[in-house]
Amino acid sequence: MGWCYLSEISDWHGTRQGGVLSPYLFASYIRELLGSVRNTCIGCFVGNVCMNILAYADDIVVLAPSWHALQMLLNVLHSQSILIDMSCNVNKTVCMMFKPKRQSSIIRAQFPPLRIGANCVQYVSEFRYLGHVIMDNLSDDGDIRREIRCMFTRCNMLRRRFYNCSMSVKLVLFKSFCLCFYNIALWNRFRIGVMNKFRSCYIKCAKIFLGFTKYYSVTNMLLLTGLPSFDTLMNNARITDAARWSECSNDLVKSLLIV
């Protein structure tokens, strides 16, 4: 399957970034472009629903089951963008190819460069989209490493500024800044060693910021501070995410859940 990310797709002038009217105006501006790509019915079918373009503001992803299909969608997108006087920043546009799970289904390892107009699109094996690291082998190891780096960064920042505060203040700060994990409920394909590094990172950051020694009992620390264990954090995230998906009234989401 082919996946193409298009960044900074618009080069138009209007409201300021972050303005209240920006998302409404931009959605109206590109509605015909998105509809033209969607109406081709070329894409990846999930639950009898054609998934060929995903748009989050100007961060647009085009999905296709083959190289030729993806090039056709890019041609449609490029022609429609010209009609509405819109340009695509090719320097920030990348393409990712997902290999089939079965080795016997792999036709070729390399593909010709995809083009948007006269410009070629770069192939990548790893990319960060909406804060989540996506890898071409469908592994979550890259996103787990991102979360480890972010947690160490936040912990070091808190330690420099608030190390001399009371335990109650430290606990509030730690829960607010170091337990705000992003999309951990989506992790389902990872190496145990990488996940164990994240587990170790959580314990190490808690001990460093809260003032416990390196070899202090983890169980005693959790009992004294009231912090959740690592397994509790992961299970709560998965349960909360599953509950939100099941409560969603969107028919498309329901079809994806059935699949």
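This is a predicted model: local features need pLDDT of at least 70, side-chain atom pairs count only at pLDDT 80 or more; totals for chains, interfaces and linings use all residues.
Local features need pLDDT of at least 70 and side-chain atom pairs count only at pLDDT 80 or more, while totals for chains, interfaces and linings use all residues. Residues are numbered from 1 along each chain as its sequence is written, and side-chain values use heavy atoms, with hydrogens and water left out.

There are seven aromatic pairs in the structure, a pair being two rings of Phe, Tyr or Trp (its six-membered ring) with centres within 6.5 Å; planes under 30 degrees apart count as stacked, over 60 as edge-to-face and the rest as tilted. In one of them, the planes of Phe181 and Phe198 stand at 80 degrees with the ring centres 5.3 Å apart, so this pair is edge-to-face. Phe198 belongs to helix H5 (192–210) and Phe181 to the loop between helix H4 (167–177) and H5, so the contact ties together parts that are 17 residues apart in sequence. Helices here are DSSP runs of H or I with at least four residues, numbered from the N terminus. Phe181 and Phe198 are both buried (under 20% relative accessible area with a 1.4 Å probe, protein chains only; exposed is over 50%, partly exposed in between).

Phe212 and Tyr216 make a tilted pair, with 5.0 Å between centres and 40 degrees between planes. Phe212 is buried at 17% relative accessible area, whereas Tyr216 is partly exposed at 29%.

One aromatic cluster is formed by Phe174, Phe181, Trp187, Phe198, Tyr202, Phe209 and Phe230.

Lys170 lies 4.2 Å from the ring centre, and the charged end of Arg159 is 5.1 Å from it.

Methods: Helices (H or I, at least four residues) and strands (E, at least two) are DSSP runs, numbered from the N terminus. A charge sits over a ring if NZ of Lys or CZ of Arg is within 6 Å of the ring centre and within 35 degrees of the ring normal.
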